[in-house]
Amino acid sequence: MIVDDIDALSVEQINWLLHPPIEGSLSGAGGVEPPRQSSTGRSADDVDEPSGAGASASAPGMVQDPARTDQEWRASRVTPEADPLSGEASLAAEFSVPTFFGSDRFVGATMAGVFEHPSLRTRSAFAGAAYAVGALPVFFVGDEIGIDTRESAEDVAHLLCEHHQLIGARLRSHDTFVRMAEVAMAYGRPMVNLLTDWAHPTQALADLITIVEHLGVEPGAPLPSLRIAYLGDANNVARSLTKAAIAVGWDITIAAPNGHQFGVEDVASFATYRKLCGTESRVELTDDPSAAVREARVLYTDVWVSMGETGTTEPFEGFAIDEELLLSAPADAFVMHCLPAHRGMEIAASVIDSERSVVWAQARNRLVAMERLFRLISEED
């Protein structure tokens, strides 16, 4: 499974990630198997499979005996004998409670995290999620591997596929991800885009989870209609967020100054993706921040110039989410930022620290989204 952007996932898989089965619900009658992506790109649920009395009602790879209690199952997964840190085992058993099931595919394996860019949230989430599914994260940072300088992206990918069961990559160029992913596909290794200059799918998944969580949507309940207003540079974060909104049927307005808005190719791709998803989502572009937020329940922004890069912020004057702009938004609108933030630039400190901000829930859900994605991948053939 190659997750290069949100549209690598089916709508069914995205909805499953928003509300995965709760602990215990995958075993026995009424189990819900996570949707799987077939080699044709369709959800595997669209492919004819054997049915009848012999068909399993639980997800592949499930190891829980239905006759055992959840408490017994948890205790069997984390024991002093099984954990090399035996002194910590009792604490792990008490606090590391899985929220939903996945297979044992990654238990005892290693996952490679390749980081050309500095990272805090993504690296922390990758490490925590790997541990949660039983894997050891191994990190390769900056120039220590020298992609396309010390050795080619393809050779790096070959080595990582020989050593590890999953590759996560935060890369400067999306083309580099594509080249590495071609090798990973040949090995049958999953690879996840942890950020490129084109897309940031794990951030978009965390954003969807945060919105659903904040709205209090119950599992199985239909998602309410919603408009998101994204203000600032139409960048990788905005592109993945737009696709995520389309997948679940939400409207989104991108407010950006001239020269920093999506181009005709992006607009065409969004229209094609909407048809593929079968939703009525509307994507609108504007250069008027006040108009963009007028009917928006979610106000979202990102840095105007990526950390470590050069550029002027002058074109973005008037696009900041501040107290004045909030006056144009509905009273129940809330604010999101993917972080790191330049307080006082794209977002006012008084806003990011206010009760209308869900920024820290959003940051927390980076870990939630990554773990859920790994568990979904663990079910793939």
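Visitor: Why does Arg343 count as partly exposed?

Guide: Its relative accessibility is 42%. Buried means under 20% relative accessible area, exposed over 50%, and partly exposed is in between (1.4 Å probe, protein chains only). Arg343 at 42% therefore counts as partly exposed. This is a predicted model, where local features need pLDDT of at least 70, side-chain atom pairs count only at pLDDT 80 or more, and totals for chains, interfaces and linings use all residues. Residues are numbered from 1 along each chain as its sequence is written, and side-chain values use heavy atoms, leaving out hydrogens and water.

Visitor: What makes Asp353 and Arg343 a salt bridge?

Guide: Their closest N and O atoms are 2.6 Å apart. The rule asks for a side-chain nitrogen of Lys or Arg within 4 Å of a carboxyl oxygen of Asp or Glu, so the pair qualifies. By this rule the count comes to 14 salt bridges.

Visitor: Why is Arg150 called exposed?

Guide: Its relative accessible area is 61%, so Arg150 passes the exposed cut-off. Glu151 has 31% and is therefore partly exposed. The side chains of Arg150 and Glu151 meet in a salt bridge at 3.4 Å, N to O.

Visitor: How do you know that Asp251 and Arg227 form a salt bridge?

Guide: The N to O distance is 3.8 Å. Asp251 lies in strand S7 (residues 251-255) and Arg227 in strand S6 (residues 227-231), so the pair ties together parts 24 residues apart in sequence. Strands (E, at least two residues) are DSSP runs, numbered from the N terminus. Both Asp251 and Arg227 are buried.

Visitor: Which residues are linked with Arg227 in a network of salt bridges?

Guide: Asp251, Arg282 and Glu284.

Key:
Helix = DSSP H or I, 4+ residues; strand = E, 2+ residues; numbered from the N terminus.
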